[in-house]
Amino acid sequence: MALKVYSIKQLLDGEALLQEVTAKGWIRTFRSNRFIALNDGSTLHNIQCVVDFENTPEDLLRRLTTGAAISVSGTLVESQGRGQKFEIQVKNIEILGDSDPESYPIQPKKHSLEFLREKAHLRVRTNTFGAVMRVRSALSFAIHQYFRQNGFYYVHTPVITGSDAEGAGEMFRVSTLDAKNPPLNEEGEVNYKEDFFGKETNLTVSGQLEAETYAMALGKVYTFGPTFRAENSNTSRHLAEFWMIEPEVAFMDLDGNMDLAEDFIKYVLGYVLENCEDDLKFLEDRLLQEEKSKPKDERSEMTLTEKIRFVLDNNFKRVSYTEAIEILKNSKPNKKKKFQYLIEEWGADLQSEHERFLVEKHFKAPVILFDYPAKIKAFYMRLNEDGKTVRAMDILFPGIGEIVGGSQREERLDVLMEKVKEMGIDEKELWWYLDLRKYGTAVHSGFGLGFERLVLFATGMTNIRDVIPFPRTPQNAEF
Ligand code: 4AD
Ligand code: MG
């Protein structure tokens, strides 16, 4: 009779006690020629497999090395030893794939995150990355669940586009032209008419503009896909390829947008608290260890779960840009010239040092900043009555800075046209976007949440390169 293969999670939950079971996984450690710690990714925890070494051939024992893939069969029993409730009394071991112990990089000891980044194809076999990636997966599910429960439709916006939604010009070109010898037009410029799409195209920086077209028919929609930015920001919070969640809702104004974003973030973080207990506990302990190496006054006062709970239990502070500038102007770091960029006047763009001051030092809570100067925001944001601010909102999080950027959209054709001209945007590229303002225009709003920044917050990791399987950053597209 074929034995049922159980996941290690099922076995550790006590399913199949006293039965003959088979488990398959990768060896984490093998000690005293007797105890295998086996992991299959279904949970953070390993199952202990007790080998009857007297009756196991010497050459098989030698092949039980860290990293090897094996199948073990035996009886699931309650463990007498400490540290685990159940273990497998092994009757049979099959080596599915050997691992060279001399060169296998993931040894049973602490490796630095920097070292593991170089081994991104194997790092998920460590406890830390296993936990992070399981939380990432749970968060993705929670996101879809939230929108589904709230009547949103999921739309797939294109990855290749001809428009620059954010107008920041930080795009990756998509082309099949011969880079060495491109066709030229009469002006001596590259002739994109001969390119694959007959025009210049790039990888999208945001699905928003296309999502707006769907919101103006389906009412409530969201996108959740990869976005690309060729900004040369080598920071712990920027990726060249990241995932963004962008809801867009017809007939919703900026206040509704703030309510939606806050409710959404609380739901998905709450989901993780409820469904990722083991992984969060592990990540919390990891963070505590890491904090111990910091000077006392830089250590966080809260544990990871306390931080998440704090977000769930408190209202986000809603503060206008104008108020924020007043606070920053009069702040200690500004007066003592501790900010790298001093805040001198209204209109200044906020840097992450300012955002983090507001969140971490001043309000000590997530902050929603709104009504920014039109000049520092994208063309599509709705102009306020004052003629100089727009209905923008950014959500700022402790340890992260900006996690959400969004706005109410300019629904008035004449105002939008003026903006397009003012900002030197090619209106021929945007004809379809402008059409929305001609045919049944209406108030509408949306926002973009940077998925990796959310995962950073939920896992307590500090570098965005450690919360996406294969990070793309300047000078780095390995794997
Ligand atoms: O503020 P952003 O640029 O907003 C937009 O793209 C809008 N079109 C969204 C919308 O209204 N539908 O980006 C949104 C969020 C940021 O708040 C940040 O969390 C994340 O995307 N983000 C990045 N995450 C990682 N790496 C980068 N280079 C990022 N750039 C933005
Ligand atoms: Mg932004």
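This is a predicted model: local features need pLDDT of at least 70, side-chain atom pairs count only at pLDDT 80 or more; totals for chains, interfaces and linings use all residues.
## Basis of the model

Local features need pLDDT of at least 70 and side-chain atom pairs count only at pLDDT 80 or more, whereas totals for chains, interfaces and linings use all residues. Residues are numbered from 1 along each chain as its sequence is written, ligands are numbered from 1 in the order in which they are written, and side-chain values use heavy atoms, with hydrogens and water left out.

## Overall fold

The protein has 14 helices and 16 strands, taken as DSSP runs (H or I, at least four residues, for helices; E, at least two, for strands). Its C-alpha trace spans about 85 × 55 × 45 Å along the principal axes, and 51% of the 479 residues count as buried, that is, under 20% relative accessible area with a 1.4 Å probe and protein chains only.

## Surroundings of ligand 1

Ligand 1 is surrounded by 24 residues, the closest being Glu166, Gln208, Arg229, Glu246 and Glu402; a residue is counted if one of its heavy atoms lies within 4 Å. Strands β11 (241-250), β15 (401-408) and β16 (444-450) each supply at least two residues of this shell, and β15 gives the most, with 5 residues.

An N or O atom in the side chain of Glu166 is 2.6 Å from a nitrogen atom of ligand 1, while backbone N or O atoms lie 3.2 Å from a ligand oxygen atom in Gly450 and 3.5 Å from one in Val404. Taken alone, ligand 1 exposes 630 Å², of which the protein buries 93%, with areas from the Shrake-Rupley method and a 1.4 Å probe.

Note on methods
A polar contact is a pair of N or O atoms within 3.5 Å; within protein, one must be able to donate a hydrogen and the other to accept it, and residues adjacent in sequence count only if both atoms are side-chain atoms. Buried means under 20% relative accessible area, exposed over 50%, partly exposed in between (1.4 Å probe, protein chains only).
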